[in-house]
Amino acid sequence: MLTAALAAVLVPLAAAAPAGAAERRVEDLGVPLEDVLLLGGVAAPGPGGETVLWGASSGSPAHLNAVDPATGAEVARYDLPGAEGAWAVTATGDGSVYAGTYGDGRLYRWTDQGGVQDLGRPLPSENFIWAVAAGEGATVYGGTYPGGRLFAYDPETGVRDYGRLSPDHDYVRSVSYAGGKIYAGTEDPAALFEIDAASGTSRQLPLPDGLDPAGKWAYDVDVAAGHLYVRFGSAFPGPLHVWDIAAGRWTDTLDPAHGLDVSPPDADGAVYLVKDAELVRYDPKTKETTGTGMPFTGRVANTRGIGWAELGLPDYPGKSVVGLLWRGLMFRYNPQTGATSFVETQVKGEPIDVTALSEGPDGRMYAGGFLNGGFAALDPKTGERAEFHTFSQSEDMATHDGKLYVGAYPDARVYAYDPKLPWNSPEYSPSPVPGPADNPARLFDLSADKQIRPRALASAGRYLAAGTMPDLGHLGGVLAVWDPETGKLKHSQRDVIKDQSIVSLAYRDGVLYGGTSIYSGQSATPPTQPEAKLFAWSVKDDRLLWEIVPAPGKPAVPALAFDDRGRLWGIAGGEVFAVNTAARKVVQRVTLSGSESASGQLSFNRRDRTLYGAHAGQYVFSLDPRTGRHTQLKQGPVHQLAVHGSGDVYFAEGPRLFRLTGQQTR
């Protein structure tokens with residue numbers, strides 16, 4: 001936590017200070033963002049044989065957690081070294097629990113006798129195991145990215161590689177198994193396959209009548225009592241289709257279903273799942289859906305493992321439906337009594353990598369995080385965390401007209417936060433008690449334009465400007481201009497620069513300047529353009545004024561900043577450049593390295609009239625815009641950096657936040 005780490009590391013940087021400046025130093029401010037993010041999970045026997053809720057929490061490293069479903073207490077917690085998280089968790093009939101991870105694409109096996117064993121990478125070419133499914137005995141089946149491959153692991157025989165599932169797909173997103181057959185689903189355009197586990201022969205199953213696979217994933221595939229439950233869409237609610245395995249046809253649709261799993265069947269073959277924000281029971285024989293009255297609110301109501309357990313509690317006789325939610329909350333429902341409850345578990349939070357930094361309208365520094373997100377405000381005088389809230393992954397933040405604007409992943413959503421008002425985010429901090437007005441308030445999203453990341457935000461006169469990156473399989477970002485006075489988009493246009501995302505913005509005298517990236521918001525989408533561009537856009541007339549290639553051969557211009565003389569500076573890989581916007585040309589170049597990285601930060605400090613930046617995730621530097629003289633200030637994996645009005649420079653190395661002080665006015 002920040003409060004404990006403030007006095008930690010003080011690194012003097014006197015040699016890097018300009019003439020006459022006080023001694024610069026770097027303060028380690030600790031971890032501003034820390035929260036629980038559970039991805040994969042399963043209800044299965046744990047240590048000693050009692051049923052627990054297993055859940056994989058993201059972190060460095062990730063952890064496999066076992067939770068008592070009666071109390072929420074931590075039963076066990078195991079490191080998964082080399083893994084950052086795990087969507088893929090399952091239990092096999094022999095009592096093993098498997099976790100397939102991302103970061104290095106490793107497979108782990110837990111047994112009561114041996115604890116967690118690192119089985120290594122089943123397929124050396126794959127760095128993401130998206131799903132695992134229990135087969136016979138101790139056998140498990142898994143699906144991967146980026147090769148779209150299917151594999152089996154048996155402790156006695158090792159790994160079997162079934163190969164690439166489809167030449168048109170890079171993801172095997174979902175996997176299930178029944179009766180000697182493996183069922184696997186892919187990314188957009190959604191496809192569903194049946195694979196004979198013994199022979200490896202596969203066939204593509206027909207899609208439900210009328211279903212257009214474009215823009216959809218076969219996101220969840222579950223087998224229960226002779227039926228396949230396949231949810232086509234995304235991580236968010238969508239139609240769940242029911243396939244009768246024996247009959248070989250689609251028989252029903254439940255819409256909207258939340259995923260990620262349906263429960264194992266009850267004695268009658270019915271399953272439990274979250275549908276339309278309520279836990280329901282579905283009987284595939286009668287096609288009847290029966291509500292339980294248990295509500296699931298908020299943006300993400302996907303179960304992270306759902307199953308059955310005997311709780312031994314007065315209102316929960318026999319077996320109850322139990323499960324985990326993404327922030328570590330546990331839910332319980334008893335079919336006999338109708339009793340329901342949500343319980344906070346003791347799953348520990350993990351540090352979250354910082355993905356956005358900005359000074360807010362109240363003078364505090366704000367930080368947003370990766371994947372499990374989080375939103376923290378910091379006291380600039382002490383560096384201590386003043387507040388923390390659960391929130392989405394932040395792509396960028398910008399202050400405009402008394403509010404802090406936040407760009408959130410996915411769906412390229414943009415929010416406005418007013419620090420003078422109470423925090424209230426029903427999407428991410430749901431409560432059954434009605435609260436005040438939403439704050440942050442969701443303004444707009446660009447999902448209809450296939451956008452996923454609002455990577456650049458900037459104050460643009462009376463407007464707020466946003467630049468975005470598109471979703472998987474798409475190229476071409478959107479330039480959006482929001483009018484806070486009317487509460488509407490003044491303008492929104494895709495492909496301002498053909499097939500390029502907009503990843504940086506700066507504004508001056510009625511003109512928006514944008515830096516692009518040749519990449520999509522998902523790395524699997526191949527680019528069509530050779531190099532990034534810089535463009536100028538008239539806010540008044542909603543039109544492109546000009547475009548240039550400021551750094552030949554570089555794939556992205558991830559940051560832009562004006563200095564005090566009106567020159568526009570940018571960073572591209574290992575090159576920093578200055579542009580005379582009137583002449584529309586580059587007038588100065590400073591080479592840091594030959595890097596072609598798409599990462600980089602650049603910000604102008606008006607207190608000492610110096611540029612500060614992050615170079616290719618390698619180090620923090622300062623650069624005098626008058627002379628081009630530059631100095632490395634601190635080595636480290638730095639991707640986020642921002643200058644505070646006080647002149648202090650904040651930057652992040654993964655989840656840790658640092659502050660550079662000692663700058664003087666020149």
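## Salt bridges in the model

A salt bridge is a side-chain nitrogen of Lys or Arg within 4 Å of a carboxyl oxygen of Asp or Glu. The model is predicted: local features need pLDDT of at least 70, side-chain atom pairs count only at pLDDT 80 or more, and totals for chains, interfaces and linings use all residues. Residues are numbered from 1 along each chain as its sequence is written, and side-chain values use heavy atoms, with hydrogens and water left out.

Searching the whole structure gives 36 salt bridges.

## Glutamate 395 and arginine 453

These two side chains form a salt bridge at 3.1 Å, N to O. Glutamate 395 sits in strand β36 (residues 393–400) and arginine 453 in strand β40 (residues 451–460), so the contact ties together parts 58 residues apart in sequence. Strands (E, at least two residues) are DSSP runs, numbered from the N terminus.

Glutamate 395 is buried, at 7% relative accessibility. Arginine 453 is buried too, at 13%. Buried means under 20% relative accessible area, exposed over 50%, and partly exposed in between (1.4 Å probe, protein chains only).

## Aspartate 483 and arginine 462

Here the closest N and O atoms are 2.3 Å apart. Aspartate 483 belongs to strand β42 (residues 478–483), while arginine 462 lies in the loop between β40 and β41 (463–470), 21 residues apart. Aspartate 483 is buried at 6%; arginine 462 is partly exposed at 38%.

Glutamate 427 and arginine 442 pair up with closest N and O atoms 3.3 Å apart. Glutamate 427 is in the loop between β38 (413–417) and β39 (441–445), and arginine 442 is in strand β39, 15 residues apart. Arginine 442 is partly exposed, at 36%.

Salt bridges link Arg299, Asp411, Glu427, Arg442 and Asp445 in a network.

Notes: Helices (H or I, at least four residues) and strands (E, at least two) are DSSP runs, numbered from the N terminus.
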